[in-house]
Amino acid sequence: MRFASAAARTTALSGVLAEGMVSYLMDTNAVEVYDGSAWVGVATGDITAVTAGTGISGGGTSGAVTITNSMATEITAAGTGSGTFDNLPIGTTGQVLTADTTVSPYKVKWAAAASGSTFAGCALYKSGNQTISNATDTIVTFDSELFDTDGFHSTATNTGRITIPSGKGGYYNFCVYVVWPDGSWAISNAVLKKNGTTIKVDWLNVGSGTYNTQGFATIVSASVGDYFEIIVYHNKGSNNSILGDNNGTGATRFECSYLGA
């Protein structure tokens with residue numbers, strides 16, 4: 001029902017007014033409904049337009065408005081570009097989920113597992129004997145290597161040292177083997193030092209026999225640039241020698257293996 005004003009409506013509907021009637025007032029352009037006791041305005045929306053934002057396309061200010069979520073094209077089944085937003089299917093045996101930041105937008109995909117840690121370390125030995133003066137702390141030098149994976153040792157400079165290379169800080173297992181000739185004297189010792197500070201000592205009461213061998217292993221925390229040496233000592237009363245071997249099998253040896261960070 002259309003009326004010129006609220007007063008005109010009251011006059012026209014006098015005696016027939018009932019709950020649920022709806023009217024339009026031309027002077028105020030208002031639509032109202034009678035709730036049984038009073039005329040109340042019919043609520044109208046205040047949205048005037050739909051504007052597309054990040055990741056959304058479409059929109060409009062009138063009529064049928066359509067918007068599209070970009071996931072429909074950017075996240076696709078198994079990366080096939082089908083435009084179908086779907087769950088990621090299972091990969092192949094041995095693959096793992098990994099983040100790929102080389103594309104935009106970033107995505108998660110199945111990929112081959114990264115290779116695990118590989119062995120790192122060195123094994124040094126003496127190809128010949130080394131004279132050790134009586135009652136004198138002496139650094140054991142090593143002129144030969146069974147292997148050296150990452151430049152832990154040099155056969156030209158500071159040949160008695162194992163030095164932790166770049167990127168390899170962490171825990172190490174060090175093994176020390178010192179071989180003395182036969183004979184009998186009071187004591188000898190072999191000391192593992194880190195940056196000149198004693199880490200571990202092995203004492204030996206030397207007796208007669210073919211060879212006398214000292215050996216031990218220990219786990220040490222080491223930072224890049226730390227260096228390790230073997231220091232030997234004896235009190236034979238005259239010069240003595242620690243023994244080498246041209247193939248490293250029976251020689252005085254110094255070894256380290258990287259256990260992890």
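In the predicted model, Cys122 has Cys256 of β21 as its bridge partner. Residues are numbered from 1 along each chain as its sequence is written. Because the model is predicted, local features require pLDDT of at least 70 and side-chain atom pairs count only at pLDDT 80 or more, while totals for chains, interfaces and linings use all residues; side-chain values rest on heavy atoms, with hydrogens and water left out.

Strand β10 (residues 121–125) is joined by 5 bridges to strand β21 (residues 253–260), and the two run antiparallel. Strands are DSSP runs of E with at least two residues, numbered from the N terminus, and two strands pair if DSSP finds at least two bridges between them. Both strands belong to an open sheet of 5 strands, in the order β13-β10-β21-β15-β18, with antiparallel pairing. The edges of the sheet are formed by β13 (144–148) and β18 (211–222), each of which has a single partner strand, so that one side of each is left without a neighbour in the sheet. Neighbouring strands are turned by 10° against each other on average, direction ignored, with axes taken as lines fitted to C-alpha atoms and angles running from 0 to 180 degrees between N-to-C directions.

With a disulfide defined as a pair of cysteine sulfur atoms within 2.5 Å, the count comes to 0 disulfides. For Cys122, the nearest cysteine sulfur, that of Cys256, is 3.8 Å away, and this separation is too far for a bond. Cys122 counts as buried because its relative accessibility is 0%, and Cys256 likewise counts as buried, at 2% relative accessibility, where buried denotes under 20% relative accessible area (1.4 Å probe, protein chains only).

Notes:
Helices (H or I, at least four residues) and strands (E, at least two) are DSSP runs, numbered from the N terminus. Buried means under 20% relative accessible area, exposed over 50%, partly exposed in between (1.4 Å probe, protein chains only).
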